[in-house]
Every structure is written in structure tokens, then in C-alpha cells.
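Please describe the structure shown below in plain words.

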Amino acid sequence: MKPDSLQQWRPLLWLALFLALAPGADAHIIPGEAGGFASGFHHPWSGLDHICAMVAVGLWGAQLGGQAMWLLPVVFPIVMAIGGFFGLVGIPLPGQEIGIALSALLLGIMVCAEVRPKHLIWPAILVGTFGFYHGHAHGAELPPGEDRLLYSVGFVLATGTLHGCGIIIGLLHRWTAGKVFIRVAGAAIMACGVYFLWQAMQPEQAEPPAKAKAAVLNPANPTHNV
């Protein structure tokens, strides 16, 4: 391999090394605190809406190329960490589920249509806005008793891993067939976003009264009649 070629692929090699080592990072966490990191690292992988949006960030960055390839995957976790703090301390965020659904929908559109804004500030603002919504959701869903700091570190690292997966897939953009594949992937993410948005807009069913719950669970109990 020529030195110039090696220099060109060096960032990808570093990224591949990071992805290989990331899942084993919790082996070095102090006993008793591993649960927080493990919960945080697992959380972004537990929902398809999170996966779609975070992979789409990497795909779009790879499509745009240049500075966008690293700028978008950096902006998202930074703003996401801020949103996570708001969620951890209990500050409400109206329309959270709709914002998360729109992130998959709009980022999918960006990838599918291969949108190329003239200034990187606009993709950064869009990605950062959605990062805040995702971060707030992660923070608000902190499991009881888990370490907040390690939980936050876990979901930020998991987010970076998903961005890295999107970037690696996005490298197919260098070939004609790869460009088509990425745009099809964007269309799939967009379709998922439509479904997520439809779900988010469904009215929540009210919880039945406690006595009604007891009657359903134990109909033989004569005390359930009022």
C-alpha cells in the first residue's frame, strides 16, 4: 500500500479500532457502578427510533463529506449530553416523542434526497436540535439507583458507535451502486420516521382506576363491587 493511500484510510482504521474496543469498555468500571454504564450504553440500542436517527447522522455526514463527516457526529453527542442533563434533573420537554420521530423522518429525507446545504451551520443546527430531544429522552429514562455520570457516559459512547456505523456504511457513497444503496437506506429510515410520528401522535390511554384494576385482576374478590 502506498503511503498516500495509508494516510487516506488512517481515520477509518482508527474508527474501526474504536468500534472494536467500545463494547468491552465496561470491564474497567468499578464494581457496583457497572450497571450505570451498561444501562446507558444499552439504552440507545433498545429503540429503533434512536438507532435510525443516529445511523442517519453518520450516513448524512458521509454523504456531505469533508468537515461534515466529523462535525455532525460530534455535534449530536455534545448537544445530546446537554439534553440528557435536562432529563436527569427532571426538566420537562414538550413534544419529546414527536421530536424524536421527526428526527428519523427528516434525517431520512436528508439522506434519501442527498440534501447538500451551502453552509454546514444548517445541518449542525438540525442535528443538534434532534440530539437534544434524544438526550432528554435518555436522561429522563434513567433506571432507579443507577449512577448518573456513568449512565451518561454510556449512552454518549453508544451514540458515537452508532454514528460510526453510519459513517462506515456511508463510505459506500464513493461508488455509484453505493450511492443508490445509501439513498434507499435513507428512504427506509424516512419510512420508519413516518411510523414513529404516527405512533407519537396517538392519544395516550388513561390509566384505569385502582379499583377497576383490582376487579380485573381478581374478579372473584367480592370487595371489588362498589
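Confidence in the chain is lowest in helix H9 (residues 210-217), at a mean of 40, and highest in H5, at 95. The score behind these values is pLDDT, the predictor's confidence in each residue, from 0 to 100. For the chain, the mean pLDDT is 78, and 74% of the residues reach 70 or more. Residues 1-6 have a pLDDT below 50, and this stretch has 2 contacts in the model beyond near neighbours in sequence. Over residues 206-226 the pLDDT also stays under 50, and the model has 5 contacts there beyond four places in sequence. Contact means heavy atoms within 4.5 Å. Where pLDDT is low, the predicted coordinates should not be read in detail.

This is a predicted model, in which local features need pLDDT of at least 70 and side-chain atom pairs count only at pLDDT 80 or more, while totals for chains, interfaces and linings use all residues. Residues are numbered from 1 along each chain as its sequence is written, and side-chain values use heavy atoms, with hydrogens and water left out.

## The chain as a whole

The chain has 9 helices and 0 strands. Helices (H or I, at least four residues) and strands (E, at least two) are DSSP runs, numbered from the N terminus. Of its 226 residues, 38% count as buried. Buried means under 20% relative accessible area, exposed over 50%, and partly exposed in between (1.4 Å probe, protein chains only). The accessible surface of the chain is about 12,700 Å², and 70% of this belongs to carbon and sulfur atoms. Such areas come from the Shrake-Rupley method with a 1.4 Å probe, and for residues only the protein chains shown count as cover. Among contacts in the chain with a separation of 6 or more, 83% are between residues 24 or more positions apart.

## The nonpolar core

A nonpolar core is a set of buried Ala, Val, Leu, Ile, Met, Phe, Trp, Tyr and Cys residues joined through side-chain atoms within 4.5 Å. The largest one has 28 residues, of which Trp-60, Phe-76, Leu-107 and Val-127 touch the most other members. At least two residues of this core come from each of H3, helix H4 (68-88), helix H5 (96-112), helix H6 (121-140), helix H7 (148-170) and helix H8 (176-200). H3 gives the most, with 9 residues. Leaving out residues up to four places away in sequence, Val-127 touches Val-57, Trp-60, Leu-72, Phe-76 and Leu-107. In soluble globular proteins, nonpolar side chains tend to be buried together.

H5 has 17 residues and reaches 24 Å from its first C-alpha to its last, close to the 24 Å expected at 1.5 Å a residue. The expected span of a helix is 1.5 Å times one less than its number of residues.

The buried residues of H5 include Gly-99, Ile-100, Leu-107 and Val-111. What covers the buried residues of H5 includes H3, H6 and H8. In H8 the buried residues are Gly-178, Ile-182, Gly-186, Ile-189, Gly-193, Phe-196 and Leu-197, and their cover includes H3, H5 and H7.

## Single residues

The table lists the accessibility of some residues.

| Residue | Relative accessible area | Class |
|---|---|---|
| Gly-61 | 0% | buried |
| Asp-49 | 18% | buried |
| Glu-114 | 18% | buried |
| Ala-81 | 36% | partly exposed |
| Arg-116 | 44% | partly exposed |

Gly-61 is placed in helix H3 (residues 48-64). Not counting residues up to four places away in sequence, Gly-61 touches Ala-68, Met-69 and Leu-72. Gly-61 and Gly-166 are 105 residues apart in sequence, yet 8.6 Å apart in space, C-alpha to C-alpha.

Asp-49 is also found in helix H3.

Ala-81 lies in helix H4. Its C-alpha atom and that of Val-153, 72 residues apart along the chain, are separated by 8.7 Å.

Glu-114 follows H5 and has a positive phi, near 50 degrees. Glu-114 forms a salt bridge with Arg-116, the closest N and O atoms being 3.2 Å apart. A salt bridge is a side-chain nitrogen of Lys or Arg within 4 Å of a carboxyl oxygen of Asp or Glu. By this rule the count is 1 salt bridge.
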